[in-house]
Amino acid sequence: MTDDTSRGITTGGLRTAVETYWATADARDWDAFAATLADDVVYELPQTRERIHGKERYVRFNQEYPGDWHIRIERIVADAEGLQAAARTEVTVGPEETHAIHFFTFDDRGLITGVTDFWPESYEPPAGREHLVERY
């Protein structure tokens, strides 16, 4: 079995895209982070029932997110068709650690078109981001 797909995106390429996404987010390099995203990216948080449409809003959401959080990738799995990947991460905020699972979809250029984050517990979203998200 090869790592190539008919669309020209490899599972290795998807893994690299997810690694770049998290590395640039962790470094707060918002221009490089934005470069991993399709213009029409959709971000979803099922625990808070929030959805964000578009690259500009999603980048701003991350820029404004409170706290000194850091991400460490534990595992990435990508499909052979070059369409989807999943990642398990460890997130630290100060001394607290938690794990999350993230699902990604991609366009034919390898840009992220969708991200769905699953955190261990449901929670109410922090105030002040209503200008970027819709609730469902």
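## A buried aromatic pair

Tyrosine 58 has a relative accessible area of 1% and is therefore buried (under 20% relative accessible area, with a 1.4 Å probe and protein chains only). Phenylalanine 61, with a relative accessible area of 5%, is buried as well. Both residues belong to helix α3 (residues 55–64), three residues apart, about one turn of the helix; helices are DSSP runs of H or I with at least four residues, numbered from the N terminus.

## Basis of the model

This is a predicted model, in which local features need pLDDT of at least 70 and side-chain atom pairs count only at pLDDT 80 or more, while totals for chains, interfaces and linings use all residues. Residues are numbered from 1 along each chain as its sequence is written, and side-chain values use heavy atoms, leaving out hydrogens and water.

## Aromatic pairs

The whole structure contains 11 aromatic pairs. Rings of Phe, Tyr and Trp (its six-membered ring) pair if their centres lie within 6.5 Å; planes under 30 degrees apart count as stacked, over 60 as edge-to-face and the rest as tilted. The rings of tyrosine 21 and phenylalanine 33 have centres 4.9 Å apart and planes at 40°, so this pair is tilted. Tyrosine 21 lies in helix α1 (residues 11–26) and phenylalanine 33 in helix α2 (residues 30–34), so the pair ties together parts that are 12 residues apart in sequence. Tyrosine 21 and phenylalanine 33 are both buried.

For tyrosine 58 and phenylalanine 61, the ring centres are 6.4 Å apart and the planes are at 20°, so that pair is stacked. One aromatic cluster includes Tyr21, Phe33, Tyr58 and Phe61 among its members.

Key: Helices (H or I, at least four residues) and strands (E, at least two) are DSSP runs, numbered from the N terminus. Buried means under 20% relative accessible area, exposed over 50%, partly exposed in between (1.4 Å probe, protein chains only).
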